[in-house]
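Reader: I have a model to check before I set anything up. Can we go through it residue by residue?

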Amino acid sequence: MKPFQLHLYSLAMLSFALIQCATAGQFNLVLSVGDQAPAWSGLEGVDKETHDSGQVASAKCVVIAFTCNSCPYAVDVEDRLIALSKKLTKVGGALVAINVNTIDEDSIEAMRQRADEKGFDFDYLYDPSQKIAKAFGAKTTPEFFVLGQDRKIVYMGALDDSPDGKAVNHRYVDAAIDAVLGGKTVEVNETVPIGCRIRFARTRGR
C-alpha cells in the first residue's frame, strides 16, 4: 500500500472507530442509552403464537430479557423474572423474554416445557436467526433492556447486582422501571451483564 493510500486508510479506520464509540454504550458495542430499541417480528412464542413488537405498543414500559434454558445464570434468574413480570403487569408494563440459542436444550420445545414447569406468565419467544440479539448488541444470558413508552432504551445490562439472587443490594431494572413510570431520569442506566455467552452461530469468512 502506498503512503497516500495508507494515510487514507488510517483516516477511514479512525472515522469508523469514532462512529462506533459515538453510537455504542459503555458495555454494549451496538446500542447506547437513548437509542430507539430495535423492533422484532415473526418470533414464535411458547404459546405457539407469532409475536412482534407491536403487541406491546401500548405498554407504559417494556423490559426485554435475553435468556435461555441452558445457562445456569439464566436459570438462577427465573423466579426473579416471574416477580418482575407481575410487577410490570400491575403498572401497565410488559416483560418480553427472548431466546436465540439453537442447541437442543434451548429449542422451542424445551422452552415450552420450561415455561410450563415454572409457570411463566410472560412472552417467551424464540429467534433461531439470532438477528434480534445482534440488533440489541446482546452478548449474554441473561441480559436486560428497559424501554420507555417511546421505546427508547433507558437502561441496559444486568437485572441486579447478584447473579444468583442470594445477595441483592441494587435492583437496576426495578429502579429503571420506577424512574420511567415516575417521569424521572434513570440514575444507573448501564451495567455489565453477567451470564453465559450467547451461542452465536459461527460464520465462515470469505
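Reader: What is the mean pLDDT of the protein?
Author: This is a predicted model, and pLDDT is the predictor's confidence in each residue, from 0 to 100. Of the protein's residues, 86% reach 70 or more. The mean pLDDT is 89.

Reader: Is Cys68 buried or exposed?
Author: Cys68 sits in the loop between strand E3 (62-66) and helix H2 (72-76). Its relative accessible area is 2%. Buried means under 20%. Therefore Cys68 is buried.

Reader: Which residues is Cys68 in contact with, leaving aside its neighbours within four places in sequence?
Author: Contact means heavy atoms within 4.5 Å. With that cut-off, the partners of Cys68 are Ala74, Asn99, Asn101, Asp106, Tyr124 and Thr141.

Reader: How many Å apart in space are Cys68 and Cys196, C-alpha to C-alpha?
Author: In sequence, 128 residues separate Cys68 and Cys196. In space, C-alpha to C-alpha, the two are apart by 9.6 Å.

Reader: Which bond joins Thr141 and Pro142?
Author: Pro142 is in the loop between strand E6 (140-141) and strand E7 (143-147). Omega between Thr141 and Pro142 is about 0°. Most peptide bonds are trans. The bond between Thr141 and Pro142 is a cis peptide bond.

Reader: What is phi of Gln130, in the loop between strand E5 (123-126) and helix H5 (131-136)?
Author: Most residues other than glycine have a negative phi. Gln130 is not a glycine, yet its phi is positive. Gln130 is also buried, with a relative accessible area of 2%. Its phi is about 65°.

Reader: Is Arg151 buried or exposed?
Author: Arg151 lies in the loop between E7 and strand E8 (153-157). It has a positive phi, near 65°. Its relative accessible area is 16%, and the cut-off for buried is under 20%. So Arg151 is buried.

Reader: Which residues form the nonpolar patch on the surface?
Author: One member, Tyr73, lies in helix H2. Tyr73 is partly exposed, because its relative accessibility is 34%. Together the patch has about 350 Å² of accessible area. Its residues are Phe27, Tyr73, Val192 and Ile194.

How values were computed:
Residues are numbered from 1 along each chain as its sequence is written. This is a predicted model: local features need pLDDT of at least 70, side-chain atom pairs count only at pLDDT 80 or more; totals for chains, interfaces and linings use all residues. Side-chain values use heavy atoms; hydrogens and water are left out. Helices (H or I, at least four residues) and strands (E, at least two) are DSSP runs, numbered from the N terminus. Buried means under 20% relative accessible area, exposed over 50%, partly exposed in between (1.4 Å probe, protein chains only). Patches are made of residues with over 30% relative accessible area and no salt bridge: like charges are joined within 9 Å, nonpolar side chains (Val, Leu, Ile, Met, Phe, Trp, Tyr) within 5 Å. Accessible areas come from the Shrake-Rupley method with a 1.4 Å probe; for residues, only the protein chains shown count as cover. A salt bridge is a side-chain nitrogen of Lys or Arg within 4 Å of a carboxyl oxygen of Asp or Glu.
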